[in-house]
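The structure comes before the text.

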Amino acid sequence: MNVIVVGLDGLEPSLVERWAEDLPTLRGLMEEGSFGRVRSADPPLSAPAWPWIFTGKQGGKHGCFGFTKRRDGEYSWDPVNYGDVNAESLWEALDDAGVSCGVANVPLTYPPADLDHGYVVSGWPVPNRVEVSNPPEVLDAVEDELGERYRVHPFDMGPELQQASDERVLENITDGLWHHQRAFETLTRQTDVDVFCCVFMATDVAGHYLGRDHDLLKELYVEQDRALRELLDGCPSDVDAIVMSDHGHAAASDWNFYVNEWLREEGYLSVTDPSGVDLRGLLRTAGVTRERLVRAKRALGLDDVRERLPQPVFEALQRVVPPADERSDGFDPGRVEWSETVAYSPDQNVVHLNTADTHPEGTVSEAEASRLRAEIESELGEIDHPAPDRDDPLMTEIRRKEEVFDGPFADAAPDVIPIADEMHVTVQTSFNDGDLFARDEWSEHRQFGALFTAGDSFARTDDVRDRSILDLFPLVLDLIDEPVPEDVDGEVPAERLAYDPDPSMRESHDEHAPSRDYTEEESEDVREQLKGLGYLE
């Protein structure tokens with residue numbers, strides 16, 4: 001192995017600096033090489049961040065802007081998968097060059113790519129009961145070592161963790177962390193590849209659920225540091241190590257901002273009451289909610305309801321039984337009067353225009369779009385922070401499409417990206433009975449992740465500048481002396497290297513396997529997983 005890339009999803013650089021004395025592995029990487037911040041994607045969410053990382057390109061060049069995509073000719077949104085990332089990935093570029101690569105648990109890599117010189121074990125999210133490894137047998141040795149089935153996302157989610165004590169949450173996340181560590185260590189020991197890439201998810205899950213208890217969050221960081229040490233100890237002594245996060249975390253959110261309510265209030269969005277029977281609403285009124293089912297399960301002493309129910313019955317319950325708070329159902333396109341709507345928000349931290357050339361009932365012409373983006377940006381910037389002791393604007397950053405995205409897929413990109421109080425206020429998509437704000441106790445992402453580099457190819461230096469997550473792709477190719485695609489947006493971070501980089505360039509090979517649409521059942525599986533971590537309401 002020549003290069004190892006370890007992703008620590010959501011690792012927060014300011015917390016690493018604060019707790020450095022108790023994180024000897026990360027501190028050692030700082031002392032042996034370099035450490036600094038990396039700017040995340042826009043918006044700073046795990047998707048689109050990981051496709052930015054593994055393609056070296058912003059979404060306008062590959063078409064993946066979040067965990068969901070709008071169906072052609074409709075207003076419904078479906079989960080995305082690897083087939084929706086229309087650009088060559090790092091491992092595809094390596095494979096084309098004859099360089100062997102192992103990939104494990106990188107988010108948004110299902111279905112797994114077919115490599116001639118390596119393997120892919122898909123990362124979260126994946127539907128239930130699918131083959132996550134290509135070739136399939138690569139997981140045989142892992143599962144023999146684990147003594148159990150490999151789990152892509154080995155943590156409880158949603159009501160299970162929300163109703164657990166913080167100590168139980170820490171225990172659950174720690175167990176999942178070591179499940180991944182043993183799997184990754186087995187892969188590095190039993191497979192012979194030039195480049196190995198893996199991602200731990202525990203720091204992200206802990207950031208969401210333990211962000212308000214930094215004592216417990218620190219315990220998880222210490223466990224993650226130990227797991228990283230054991231993984232690196234199993235690598236060759238001369239390996240070049242890159243450890244990075246896709247974004248920061250643990251911005252304790254005290255408020256929710258309901259952006260679709262604001263769009264409605266400002267006249268950009270029109271809502272009509274849906275017709276027909278609202279089964280989920282009736283169940284919620286009757287007290288039949290997911291949270292109550294979880295409490296009942298615990299009272300009966302059932303470890304996992306799926307062990308007592310046939311899978312089809314469990315999946316039907318999952319789709320029908322609502323959360324207690326109707327706002328957790330998220331954005332409902334059925335409530336929108338599209339012929340009278342100018343703008344809407346289907347996903348966190350984004351606003352889309354209802355453009356005539358891309359939407360079935362679009363109301364915004366191409367000529368009007370730029371003016372409306374600027375107008376919405378200006379009006380969002382005038383919103384005051386809801387906290388009574390604050391006298392400052394709510395939005396700390398607002399970016400427009402033309403500032404972030406370019407390329408063949410830019411038309412599908414979000415038009416405005418609002419960041420509220422540096423992510424300390426969560427931008428929600430559900431409706432909220434006319435109220436723009438509500439109190440919250442969630443923890444959210446931050447806009448800068450961390451980047452550690454160490455090894456023979458890297459310099460020992462503190463003189464680093466903020467970089468972009470886009471820089472990983474060209475960096476790895478330069479480390480193994482392979483040409484970099486000419487249209488990447490990332491740059492090789494020369495100040496971190498022990499040599500003067502002079503990367504050669506080549507044409508991009510963005511031909512991609514056809515997108516594989518999820519079945520309806522698979523789509524619901526993935527939606528439930530995304531809701532469990534707050535990526536979908």
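## Charged and aromatic contacts

Lys 61 is buried, with a relative accessible area of 15%, which is under the 20% cut-off for that class. The model is a predicted one. The partner of Lys 61 in a salt bridge is Asp 489, with the closest N and O atoms 2.8 Å apart. Lys 61 sits in the loop between helix H3 (46-55) and strand S3 (68-70), while Asp 489 sits in the loop between strand S19 (484-485) and strand S20 (505-506). The two residues are 428 residues apart, and the pair links distant parts of the chain. Asp 489 counts as partly exposed, at 28% relative accessibility.

How many salt bridges does the count come to? The count comes to 35 salt bridges.

Another bridge joins the side chains of Arg 446 and Glu 12, at 3.9 Å from N to O. Arg 446 belongs to strand S16 (residues 437-446) and Glu 12 to the loop between strand S1 (3-8) and helix H1 (13-18), so this bridge ties together parts that are 434 residues apart in sequence. Glu 12 is buried, with a relative accessible area of 4%, whereas Arg 446 is partly exposed at 26%.

Lys 401 and Asp 415 also meet in a salt bridge, at 3.5 Å from N to O. Lys 401 is in helix H15 (residues 401-404), and Asp 415 is in the loop between H15 and strand S14 (416-420), 14 residues apart. Both Lys 401 and Asp 415 are buried. These two residues are part of a network of salt bridges that also links Arg 373, Glu 377, Arg 400 and Glu 402.

| Salt bridge | N to O distance |
|---|---|
| Lys 61 and Asp 489 | 2.8 Å |
| Arg 446 and Glu 12 | 3.9 Å |
| Lys 401 and Asp 415 | 3.5 Å |

A search of the whole structure finds 17 aromatic pairs. In one of them, the ring centres of Phe 65 and Phe 405 are 5.3 Å apart and the planes lie at 85°, so the pair is edge-to-face. Phe 65 is in the loop between H3 and S3 and Phe 405 in the loop between H15 and S14, with 340 residues separating them. Phe 65 and Phe 405 are buried.

Trp 338 and Tyr 344 form an aromatic pair that is likewise edge-to-face, at 4.9 Å centre to centre and 90° between the planes. Trp 338 is buried, with a relative accessible area of 6%, and Tyr 344 is buried at 0%. Trp 338 and Tyr 344 belong to one aromatic cluster with Tyr 75, Phe 331 and Phe 431.

Arg 439 lies over the face of Trp 255, 4.3 Å from the ring centre.

Some totals for the protein follow. The protein has 17 helices and 20 strands. Of its 537 residues, 59% are buried. Among contacts between residues at least 6 apart in sequence, 73% join residues at least 24 apart. The accessible surface comes to about 21,400 Å², and 44% of this surface belongs to carbon and sulfur atoms.

Conventions. Residues are numbered from 1 along each chain as its sequence is written. This is a predicted model: local features need pLDDT of at least 70, side-chain atom pairs count only at pLDDT 80 or more; totals for chains, interfaces and linings use all residues. Side-chain values use heavy atoms; hydrogens and water are left out. A salt bridge is a side-chain nitrogen of Lys or Arg within 4 Å of a carboxyl oxygen of Asp or Glu. Helices (H or I, at least four residues) and strands (E, at least two) are DSSP runs, numbered from the N terminus. Buried means under 20% relative accessible area, exposed over 50%, partly exposed in between (1.4 Å probe, protein chains only). Rings of Phe, Tyr and Trp (its six-membered ring) pair if their centres lie within 6.5 Å; planes under 30 degrees apart count as stacked, over 60 as edge-to-face and the rest as tilted. A charge sits over a ring if NZ of Lys or CZ of Arg is within 6 Å of the ring centre and within 35 degrees of the ring normal. Contact means heavy atoms within 4.5 Å. Accessible areas come from the Shrake-Rupley method with a 1.4 Å probe; for residues, only the protein chains shown count as cover.
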